[in-house]
Amino acid sequence: MATVELRFSALPEHVRTARLVAAAVARRAGVDEAVLDEVRLAVGEACTRAVGLHQSSGVTAPVRVALIEDEKQFSIEVGDEAPRAAPGDRVPGGPLGDGEEADAEGEDEMGLAVISGLVDDVEVTAGEAGGLIRMSWPTTPAPLVP
């Protein structure tokens, strides 16, 4: 299992770099050429979401991206360190006003919907220590060269 790891400051300008690296590693791993645009878009959405969560939460830690090449699949994990409270644990009058909180949650849900539309195998987890989006695509083994 080969893994490439990226860490970048939570700034929007670094999302493009993550997209380019993900596409290059996916191509090398054997992801079908027809799916590479979906890989780029999904990684862009996941990284943009993580950057937004870091910025809105005041988290200074880097966004983490792991590109994992297994025998029959290629996976990408995008992790953030923005804490999430369990539903019902919200403190009224927290750092975001009611309208801002609704806007942030709406953007978050929209990003997850886009990712779910692009990737068949996606898993999203979140908790007090942050969140993780894991996306996977099948690969085709490289032909043996005589």
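Which residue of β5 does Asp121 stand opposite? In this predicted model, the residue opposite Asp121 is Ser136 of β5. The legends below describe close-up views of the sheet, its strand pairs, the core and selected residues.

**View 1. The five-stranded open sheet.** The strands are arranged in the order β1-β2-β3-β5-β4, and their pairing is antiparallel.

**View 2. Strand β2 between β1 and β3.** Seven bridges connect β1, which spans residues 2–8, with β2 in the antiparallel sense. Within this pairing, Phe8 has Val63 of β2 as its bridge partner. β2 and β3 also run antiparallel and are joined by six bridges, with Gly79 of β3 as the bridge partner of Arg64. β2 is largely enclosed by the rest of the structure, because five of its seven residues are buried.

**View 3. The β4–β5 hairpin.** Strand β4, residues 121–127, runs antiparallel to β5, and seven bridges join the two. Two residues lie between β4 and β5 in this hairpin. Val122 has Met135 of β5 as its bridge partner, and Asp121 stands opposite Ser136.

**View 4. Surroundings of Ser136.** Ser136 belongs to strand β5. Its relative accessibility is 8%, so Ser136 counts as buried. The side chains of Ser136 and Ser75 are joined by a polar contact of 2.8 Å. Not counting residues up to four places away in sequence, Ser136 touches Gln73, Phe74, Ser75, Val119 and Asp121.

**View 5. The largest nonpolar core.** This core comprises 30 residues. Val43, Cys47, Phe74, Ile76, Val78, Met135 and Trp137 are the residues with the most contacts inside it. At least two core residues come from each of α1 (15–29), α2 (36–57), β2 (63–69), β3 (73–80), α3 (98–118) and β5 (130–138). The element that gives the most to the core is α2, with eight residues. In soluble globular proteins, nonpolar side chains tend to be buried together.

**View 6. Contacts of Trp137.** Trp137 is among the residues with the most contacts inside the largest nonpolar core. With residues up to four places away in sequence not counted, Trp137 touches Val31, Val35, Val39, Ala42, Lys72, Gln73, Phe74, Ile76 and Val119.

**View 7. Helix α2 and its buried residues.** α2 contains 22 residues and reaches 31 Å from its first C-alpha to its last, close to the 32 Å expected at 1.5 Å a residue. The buried residues of α2 are Leu36, Val39, Ala42, Val43, Gly44, Ala46, Cys47, Arg49, Ala50, Val51, Leu53 and His54. Just after α2, Gly58 adopts a positive phi of about 75°.

**View 8. Ala26 in helix α1.** Ala26 lies in α1. The relative accessibility of Ala26 is 0%, so this residue counts as buried. Ala26 is in contact with Val31, Leu36, Val39 and Phe74, leaving aside its neighbours within four places in sequence. Between Ala26 and Gln73 the C-alpha to C-alpha distance is 9.7 Å, although they are 47 residues apart in sequence.

**View 9. Arg84 in the loop between β3 and α3.** The loop between β3 and α3 contains Arg84. The relative accessible area of Arg84 is 18%, under the 20% limit, and this residue is therefore buried. A polar contact of 2.8 Å links the side chain of Arg84 to that of Asp80. The Arg84 side chain also reaches the backbone oxygen of Ala82 at 2.4 Å. Leaving aside neighbours within four places in sequence, Arg84 is in contact with Arg49, Leu53, Ala126, Gly127, Glu128, Gly130 and Gly131. Arg49 and Leu53 are among the buried residues of α2.

Terms used
Residues numbered from 1 in each chain as written. Predicted model: local features only at pLDDT ≥ 70, side-chain atom pairs only at ≥ 80, totals over all residues. Heavy atoms only, no water. Core = buried A, V, L, I, M, F, W, Y, C linked by side-chain atoms within 4.5 Å. Buried < 20%, exposed > 50% of the residue type's maximum accessible area, 1.4 Å probe, protein only. Helix = DSSP H or I, 4+ residues; strand = E, 2+ residues; numbered from the N terminus. Contact = heavy atoms within 4.5 Å. Pairing = 2+ DSSP bridges. Polar contact = N/O pair within 3.5 Å; in protein donor to acceptor, adjacent residues only side chain to side chain. Expected span 1.5 Å × (residues − 1).
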